[in-house]
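Please have the sequence and the model open side by side as you read.

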Number of protein chains: 4
Amino acid sequence: MKNTFGTSIGITVFGESHGPAIGAVLSGMAPGIPVDREFIALQLSKRRPAGKISTARAEKDEFEIISGVFNGKTTGTPITIIIPNKDVKSGDYSEISRLARPGHADYTAQLKYHGFQDYRGGGHFSGRVTAAIVAAGAIAALALKAKGIKIGTHLKSCAGIADREFSDAEADIDRLNALGFAVLDSEIAQAMINEIESAAKDGDSVGGVLETAVCGFPAGVGEPFFDSVESVISHAMFSIPAVKGVQFGDGFALAGMRGSIANDPIQASAGKVTTCTNRAGGVNGGITNGMPIVFSCAIKPTPSIYKTQKTVDYISLGNAELSLKGRHDPAIIHRARIVVDSLTAIVLCDLLAQRFGTDYLMPQVSE
Amino acid sequence: MKNTFGTSIGITVFGESHGPAIGAVLSGMAPGIPVDREFIALQLSKRRPAGKISTARAEKDEFEIISGVFNGKTTGTPITIIIPNKDVKSGDYSEISRLARPGHADYTAQLKYHGFQDYRGGGHFSGRVTAAIVAAGAIAALALKAKGIKIGTHLKSCAGIADREFSDAEADIDRLNALGFAVLDSEIAQAMINEIESAAKDGDSVGGVLETAVCGFPAGVGEPFFDSVESVISHAMFSIPAVKGVQFGDGFALAGMRGSIANDPIQASAGKVTTCTNRAGGVNGGITNGMPIVFSCAIKPTPSIYKTQKTVDYISLGNAELSLKGRHDPAIIHRARIVVDSLTAIVLCDLLAQRFGTDYLMPQVSE
Amino acid sequence: MKNTFGTSIGITVFGESHGPAIGAVLSGMAPGIPVDREFIALQLSKRRPAGKISTARAEKDEFEIISGVFNGKTTGTPITIIIPNKDVKSGDYSEISRLARPGHADYTAQLKYHGFQDYRGGGHFSGRVTAAIVAAGAIAALALKAKGIKIGTHLKSCAGIADREFSDAEADIDRLNALGFAVLDSEIAQAMINEIESAAKDGDSVGGVLETAVCGFPAGVGEPFFDSVESVISHAMFSIPAVKGVQFGDGFALAGMRGSIANDPIQASAGKVTTCTNRAGGVNGGITNGMPIVFSCAIKPTPSIYKTQKTVDYISLGNAELSLKGRHDPAIIHRARIVVDSLTAIVLCDLLAQRFGTDYLMPQVSE
Amino acid sequence: MKNTFGTSIGITVFGESHGPAIGAVLSGMAPGIPVDREFIALQLSKRRPAGKISTARAEKDEFEIISGVFNGKTTGTPITIIIPNKDVKSGDYSEISRLARPGHADYTAQLKYHGFQDYRGGGHFSGRVTAAIVAAGAIAALALKAKGIKIGTHLKSCAGIADREFSDAEADIDRLNALGFAVLDSEIAQAMINEIESAAKDGDSVGGVLETAVCGFPAGVGEPFFDSVESVISHAMFSIPAVKGVQFGDGFALAGMRGSIANDPIQASAGKVTTCTNRAGGVNGGITNGMPIVFSCAIKPTPSIYKTQKTVDYISLGNAELSLKGRHDPAIIHRARIVVDSLTAIVLCDLLAQRFGTDYLMPQVSE
């Protein structure tokens, strides 16, 4: 099922950048979860472009919920959210219908869809599709919050500038979720923005690393083999355009440590088991251990740059040069952050429903 | 399906470290693929411990194929491979039935299986289960080889020592597949082994990074969203015990680049499209572009170390100290390499069968 | 994935009878399939109520395709079709928010959704959701037709009156697909309609058996065990509300035969293998044999009847009597027929794509 | 996943009739379920041929559990059961390597596996594979029994002779499960056996209908659409060789009723809701209603008969006559009954684990 992910709770995405709408179906969510339209709008606003560090395309992201919600609460049946495309300028894309943009999926789309793909604005490959994930993920995040589970993501690094590390995960998450540009060290934010603007001036773009923490998630969830928590989360994260790496806890840094450093010592206090460090990112043997789940996603620089690039005409297979026009983001990492949060929320709801049953996330039974 | 992975071609694993056997069912493979028992044995030999840098447990890995092969060839029906456990010393593990080994799944297994888990040798969480993946993956690798597709993995780094990078991918893969200790720079191998032995002497362990290259894989395979090639491969890789990070192409390093550097320029020559660099690791928009598929897995240091560690008794929840005895690997990265190769082979066969049909890997039709 | 079905090609349905819209996402269809909006409208018209033998609810079923179609052809990415609900009279349903209608899902919905379900008009359980399947199935049917594969369904029996059997399957299918009320023996149609009207006058309803034939489907498709063609088709058919039985070929009648009668003798002529009879319905060992695929679905009488019925108030759990008002169908079998056709088309496309690859249904490659 | 079925709890089957062994992997079962080897042997004995009404092939079905059981209880990890093939006479099958047996999968296997299939004894298509389902299903049945859920199947009809209907479902189930030849009316058993023997004398075979009842299953389980309880059970049942029809409750008979008869009136007594009749077979809108789940499977007559039959040589495609030799069953319905029970047990465990979580079937928590 190519555009559907999940087992007990699933997300199906659809839509093209310049088609009538993009959207998502969120299925299997427990009934009775309050659907706060303002919170959905708030989450969408965090994905929307803002100022000089984003594209000038201004989509209002006015969403419609066309199924699965009744009297302001989830019914338990599939929730469908539609976000119409409004500020579309397809004229900008006439040239790229033949010239493959480096770093984009134009050429691979041609190989897979044989010329029938909607090439305008990247079509189904557009990051715009992720707006639907944000809207659906907002409902999942609300369900988790009612269970005391919180998710937050920061720009661990951007354009080579590093944010500070998580310290008090829960407090840090709360702070991040109140921010539009999500860094823990407020003094670093402007430096990152300066670098993004500097790249924009050069007709270039930057990337970074997003780090996500989840607090309050139960221990004992996940599977030893193919549905390890790492497997499932990474599967989801690598579907987000621009993600090229995923690591849990200290991840690649663990590769250079000795076991005596890498192993998290275990301790108990008043019947509660924790680890002294959290280098494993809250997962041992594929199963959560009760510590915060921590993982990072490498976000490559936006491939749409204004500098002239070497490429081919994918019909004639002749060599060519490409100078992009149109409206493009010099960075998407600050926008991708809420996509990571939202998709994580959906995946965690699924893991909980698989482990504890389909009513687990229902706030209360009103029979 | 917790212990099964795949769509058109699937792998199901089972078994415990100290139970009667471990094994795997490989289903959906095309009929007619020659099953070379010597090649399976060769691949298994690359996973077996060797010398001072490995555990002293000496399993011969004598495998039995109990279904799906007839007259030396695959029938098209499920292939089941059993590897009996023979050199088992369960007495070594009496202590750990209550003390959670840091970095292991003992505590999380307790939370998930409530005391019913087979704790001996890590039970189902043991790396030993991966021997079955190697045996099944050998058949997949043979099927791919017949199509001109080759897979090779090297220790990109181990204990902080770096191997050289892939240069001519196909030649490098051939060289790696002839080696027991898979490094491209033969002079570096001894330095790595020295570091492993040094850690062993200290009662400690080391990790590293495995980098895998795939040559000859067709372009146009994969999906734009949830079944992106990165999603599917990472899902599989994160199921291998000890993997804590996965990245494609330049992965996390892309996060620090500008787009003008990160984008792979595209070129055509004689109707063949390639990219000038391969920072994307052969995948754009979730779909293969015909360049080598390149990805890396972070392998944490073996958690079984002899140094005294802080932990808890997971029944009484009291604090304790643990000094492991028994036979343990000071490093598993050199053994994990063939597990990565083998699981990759299975996943790639599945991607091909989904894209081109279930007969695609059949050597010839003999109707 | 509760509301999604399929492996290579999948269908996701959503919506409630009295919500803003119902719809479906059809994913995995090959690119390049012409999307004939008039044919979709024609198929939807066969599901729409007509005259005295149907409900008076008059939905125009004006559908919108909001993704996956570009320049009149499928792109290969998910196709989403929305059908707004317009002629909604929710006031009719105030009483049933507490009294469980016998034969409906009111009581079981209460147990599963704990009072949060949209009870109006059956909510997500409404047959109305099947309109989205018809719209999506029309695209699948066009893809099959281009490959010479045709599907047709007749009312094998209705209200106890039997239609004649399939004779020349292909010609019969063509005839059925031109009809609104699908019976092979045109003289029998009026007798069935009379019986439906007679039941309607009595405030009652009738059921029947739908029989489907598929011509031109390739041999060698399907799986020996869990994805037998019978398994997959029956899984889909039993999701259609009102289907309570599914049989292949002679089905339950085979149970009373001896093997010498039940076995279809095999014959060859000019290199083409056929069976002399088709009691197996075109499937042996789960795999198609090249004969027409023939199966039947038992359709129970519409549960919405005007006669007074015993039931319970599902909140108070007190006994009660229920006399339905509102607009209801005295029979839905004549409308369900196109739902069976359409869902069959989707399932068959999926089986073909799994067997022969995702490009198999693409009309032509235009690279 | 062709040979794997299930979502939270899955069954994977493998093996060929004349290969080394057949077997199954049962994954996702809760930990702590006592594994009663004698009960498994008892269930297997009900599938084994007995006397003149069965094949003379005498397999002892000595099973080995090679994973997932520790100290006599399930661990929660995959349970693998192997049943070696011992009484194999492959010489009997030399002729059928080219002549397709009518009613068997020989010809369709050739089309799918292109000559590489293990043709001996039907290979993977053999009913023998179902022995593994019986062994795995025994564990599932024990888990259900501990929850007060019982399953029983009778020969509703065989060779045209009808058994009496279920009356007190729970008592009837208990009686059936103590029988080798499962009929409710003990006087009818001999008449059926006589008919089977009579067919055997004629070199012919008979079929029948199996009816299954499940008592004690919770209400509110199942899904409104594609994973309706009927969809999931029928999917599983149609994977059993020889099943050509599945119906729930009154099934096809509902097609001839009026709604006022077909609808089950609902009543409540002391807070417990039941239906006055159970024509729906315990399922409304895809979801269980708390009444016994009742369904029937049409079992076609054994296709292996000694009478001369018309067929083709599937290599040369020439016409031929076939007179089977070897050991064959004149009926398999009395043996298939335990296969239906066992597969039903597995499917029901899966439905429960999906609905109520993966610990639901665990007898007690011993943390």
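Chains A and C meet through the same surface, because 100% of the interface residues of chain C are also interface residues in chain A; contact here means that C-beta atoms, placed from the backbone, lie within 7 Å. This is a predicted model, in which local features need pLDDT of at least 70, side-chain atom pairs count only at pLDDT 80 or more, and totals for chains, interfaces and linings use all residues. Residues are numbered from 1 along each chain as its sequence is written, while chains are lettered from A and ligands numbered from 1 in the order in which they are written.

Now to strand β3 of chain A, residues 21-27: seven of its seven residues are buried, so the strand is largely enclosed by the rest of the structure. Buried means that 20 or more other C-beta atoms lie within 10 Å of a residue's own, with C-beta atoms placed from the backbone. Strands are DSSP runs (E, at least two residues), numbered from the N terminus. In a regular strand the side chains alternate between the two faces of the sheet.

| Side of β3(A) | Buried residues |
|---|---|
| One side | A:Ala21, A:Gly23, A:Val25, A:Ser27 |
| The other | A:Ile22, A:Ala24, A:Leu26 |

β3(A) runs antiparallel to β2(A), joined by six bridges, and a five-residue hairpin connects β2(A) to β3(A). Strands pair if DSSP finds at least two bridges between them.

Note on methods: A residue is buried if 20 or more other C-beta atoms lie within 10 Å of its own, exposed if 12 or fewer, and partly exposed in between; C-beta atoms are placed from the backbone. Helices (H or I, at least four residues) and strands (E, at least two) are DSSP runs, numbered from the N terminus. Two residues are in contact if their C-beta atoms, placed from the backbone, lie within 7 Å.
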